[in-house]
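Here are a few exercises to work through with the model open in your viewer. Try each task before you read its solution.

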Amino acid sequence: MIENSVEIQIPFHDIDVMQVAWHGHYAKYLEIARCALFETINYDVPEMQTSGYAWPVIDLHIRYAGPLTYNQVLVVFAKLVEWENRLKVEYKICDKVTGKRLTKATTVQVAVDIKTHEMLFESPAVLFEKLGIEKIEN
């Protein structure tokens with residue numbers, strides 16, 4: 001299982017009239033952490049494209065437990081928990097100073113052949129290679 005974390009400081013342009021990060025920006029924070037996660041196995045977006053696959057997010061769940069505020073420094077943790085038929089990543093957003101969990105989330109992505117635009121029902125061999133796992137054929 002691979003996991004990684006990134007630090008993010010909430011910029012002024014991400015806050016709303018309530019002085020907290022607008023809920024739509026959370027997807028961006030998760031994306032930053034997910035890219036860093038896949039960089040650890042050398043399979044971020046450019047490598048995905050080179051391999052012939054796109055991995056669109058098809059499902060996103062976010063639980064907002066506490067607000068994110070201007071200038072607050074966060075640690076966004078990302079962990080790959082499923083990879084055989086889809087990619088499922090679990091996230092946790094915590095305050096860097098207190099360690100308090102402020103958000104938890106998951107995303108699900110599927111492989112799509114870039115040439116045919118067809119969704120695959122199992123992850124391609126290249127993902128298993130990047131993970132260092134032998135793919136078991138049915």
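Helices (H or I, at least four residues) and strands (E, at least two) are DSSP runs, numbered from the N terminus. This is a predicted model, so local features need pLDDT of at least 70 and side-chain atom pairs count only at pLDDT 80 or more, while totals for chains, interfaces and linings use all residues. Residues are numbered from 1 along each chain as its sequence is written, and side-chain values use heavy atoms, with hydrogens and water left out.

**Exercise 1. Work out the overall layout of the protein chain.**

Step 1: the protein chain has three helices and seven strands. Step 2: going along the sequence, their pattern is β-α-α-β-β-β-β-β-β-α. Step 3: along the principal axes, the C-alpha atoms fill a box of roughly 50 × 25 × 25 Å.

Step 2: look at burial, where buried means under 20% relative accessible area, exposed over 50%, and partly exposed in between (1.4 Å probe, protein chains only). Of the 138 residues in the protein chain, 38% are buried. Step 5: take contacts (heavy atoms within 4.5 Å). Among those between residues at least 6 apart in sequence, 63% join residues at least 24 apart.

**Exercise 2. Which parts of the chain does the Glu7 and Lys96 pair link?**

Step 1: the side chains of Glu7 and Lys96 make a salt bridge of 3.0 Å, N to O. Step 2: Glu7 is in strand S1 (residues 3-9), while Lys96 is in the loop between strand S5 (87-95) and strand S6 (101-109), so the pair links distant parts of the chain, 89 residues apart. Step 3: Lys96 counts as partly exposed, with a relative accessible area of 43%.

**Exercise 3. Is Asp14 buried or exposed, and what does Asp14 touch?**

Step 1: Asp14 is placed in the loop between S1 and H1. Step 2: with a relative accessible area of 1%, Asp14 is buried. Step 3: leaving out residues up to four places away in sequence, Asp14 touches Val20, Ala21, Trp22, His25, Lys28 and Tyr29.

Step 2: pick out Lys28 from that list; its salt bridge with Asp14 has the closest N and O atoms 3.0 Å apart. Lys28 lies in helix H1 (residues 26-39), and the two partners are 14 residues apart. Step 5: compare the ends. Lys28 is partly exposed at 34%, but Asp14 is buried at 1%.

**Exercise 4. How far apart are the mean positions of the positive and negative charges?**

Step 1: count Lys and Arg as positive and Asp and Glu as negative, leaving out His and the chain ends. Step 2: place each charge at NZ of Lys, CZ of Arg, CG of Asp or CD of Glu. Step 3: for the 14 positive and 19 negative charges, the mean positions are 8 Å apart.

Methods
A salt bridge is a side-chain nitrogen of Lys or Arg within 4 Å of a carboxyl oxygen of Asp or Glu.
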